[in-house]
Amino acid sequence: MKSFLDDDFLLQTATARKLYHDFAKSMPIIDYHNHLPPQEIAIDKKFENLTQIWLYGDHYKWRAMRTNGIDESYCTGNKSDYEKFEKWAETVPYTMRNPLYHWTHLELQRYFGVKEVLNPTTAASIYKTCSDLLPTSEYSVRNLLTKMNVEALCTTDDPTDSLEYHQTIAKSGFQVKVLPTFRPDKAMNVDNTASFNEYVAKVEAVSNISITTLDEYLDALKKRHDFFGKMGCKLSDHGLEQIYAEDYTDSEINGYFERLRKGETLNQTEKLKFKSAMLIYFAQWDWEKGWTQQFHIGALRNNNSRMLKTLGPDTGWDSIGDFEQGRAMAKFLNTLDTANQLAKTIIYNLNPRDNEVIATMIGNFNDGSVAGKIQFGSGWWFMDQKDGMEKQMNALSNMGLLSRFVGMLTDSRSFLSYPRHEYFRRILCNIFGNDIENGELPNDIPWIGQIIQNICYYNAKQYFQF
């Protein structure tokens, strides 16, 4: 029987162990999509205790605690930091077979050298050990990043963001490259007219362009897009239920914008047309600059209206959605490809039923101009766990070229999430190792080791050109 979380965790064969330890383990990390707060990197923040760095803002843990019968006051409420940690420690033993159990103990081991299993009995000693270390300079956020061998990371930023903290980081000479990502979701969200007009006012203020027409709005957003480019941005990102690809005319979109500025509400068809047009505009700008566009599709968000009203978005009330994806995605990508304006693209799928749809869709638009130009992104959110990663990689292997995959990303708000890259790499090596030992792949360790290193690091380095 293997020990829990030993050096060969998740590695079921001797070949898998060789691939991981000799090829994957030491590769630097290019974290091309996350939600880390750049302000905390700029000021090189130190956390006071384990709760602050581990539980603040982590809706994965909050969901588990709520399911375990823990009152909201211990999740997002006013209980003390230690009381919240105690309730998390009480919950952890019940998370077995949930990825949280693995992540929790990987993070304790990799960052703090703590090998005890977290439970109510060990909670006090683990909390003290970690909380004593966190205020020290070795555990500042910059040192946490370098400790995990992070070479570059891309935050997720609204077009109205000043990017002042990115500028501070760049001037500081910090060895990890920290770049912004252009995330214009609010710029195209016309589901609520009042909120949309409030956002337009923000765009006006930050661009110094008065906006009364669609052309002026696009000019202002393009100005922000250009500014992001000057700040080193190489990617855009869109969080969508599904890609929008309704037919529209320019006159229609101009008219919709005029009505929105008057405070009118669009009907559902008009909203979809407006969103479709905005996606095309953004995609064309990305292509002009040679950026990579990312699409995170399939989340059904804010399902609990009572808790949304109480706590706001991104607090743990989202799920996988069952949206139709194929036809609109094909139409959108084809529209851009026909005009020779299709940028490098990564599509992240949240519903595993659509894995083969996405894996075959990317092959329709890989035109030989760039290796892996259109990517099937790593399993994300509910799918960034062992089963989800394996399903994504198996679908990509069967329908495309796993060897050209740009690999893992954290998609996290936590500075303690980087062991997820290790988790991914162990799973990847185990897949290849099993195939070799089953005689399904040749025992060509040098070549397959190179493929492993490419997926872990070199493919992303070549693809993004940071």
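Trainee: Is Q293 buried or exposed?

Mentor: Buried means under 20% relative accessible area, exposed means over 50%, and partly exposed lies in between (1.4 Å probe, protein chains only). Q293 has 1% relative accessibility, so Q293 counts as buried. Please note that this is a predicted model, in which local features need pLDDT of at least 70 and side-chain atom pairs count only at pLDDT 80 or more, while totals for chains, interfaces and linings use all residues. Residues are numbered from 1 along each chain as its sequence is written, and side-chain values use heavy atoms, with hydrogens and water left out.

Trainee: Where is Q293 found, and which residues is Q293 in contact with?

Mentor: Helices (H or I, at least four residues) and strands (E, at least two) are DSSP runs, numbered from the N terminus. Q293 belongs to strand β6 (residues 292-297). Contact means heavy atoms within 4.5 Å. With neighbours within four places in sequence left aside, the contacts of Q293 include S236, A283, D286, F332 and L336.

Trainee: Which residues does Q109 touch?

Mentor: Not counting residues up to four places away in sequence, Q109 touches L5, V114 and K115. Q109 is found in helix α6 (residues 99-112) and is buried, with a relative accessible area of 14%.

Trainee: How is the packing of two helices described?

Mentor: Axes are lines fitted to C-alpha atoms, for helices over the stretch in contact, and angles run from 0 to 180 degrees between N-to-C directions. Angles under 35 degrees count as roughly parallel, over 145 as roughly antiparallel, 65 to 115 as roughly perpendicular and the rest as oblique. Helix α11 (residues 193-207) packs against helix α13 (residues 250-261) with axes that come within 9 Å and cross at roughly 95°. Therefore α11 is roughly perpendicular to α13. T193, F196, N197, V200 and E204 of α11 make this contact with F257, L260 and R261 of α13.

Trainee: At what angle do α11 and α12 pack?

Mentor: Helix α11 and helix α12 (residues 214-230) pack at an angle of about 60°, their axes being 10 Å apart. That makes α11 oblique to α12. In this pair, F196, Y199, V200, V203, V206 and S207 of α11 meet Y217, A220, L221, K223 and R224 of α12.

Trainee: What is a nonpolar core, and which residues have the most contacts inside the largest one?

Mentor: In soluble globular proteins, nonpolar side chains tend to be buried together. A nonpolar core is a set of buried Ala, Val, Leu, Ile, Met, Phe, Trp, Tyr and Cys residues joined through side-chain atoms within 4.5 Å. The largest one here has 148 residues, and L50 and Y217 have the most contacts inside it. Helix α20 (residues 445-464) supplies the largest share of this core, 10 residues. Leaving aside neighbours within four places in sequence, L50 is in contact with residues including L55, F85, L108 and F112.
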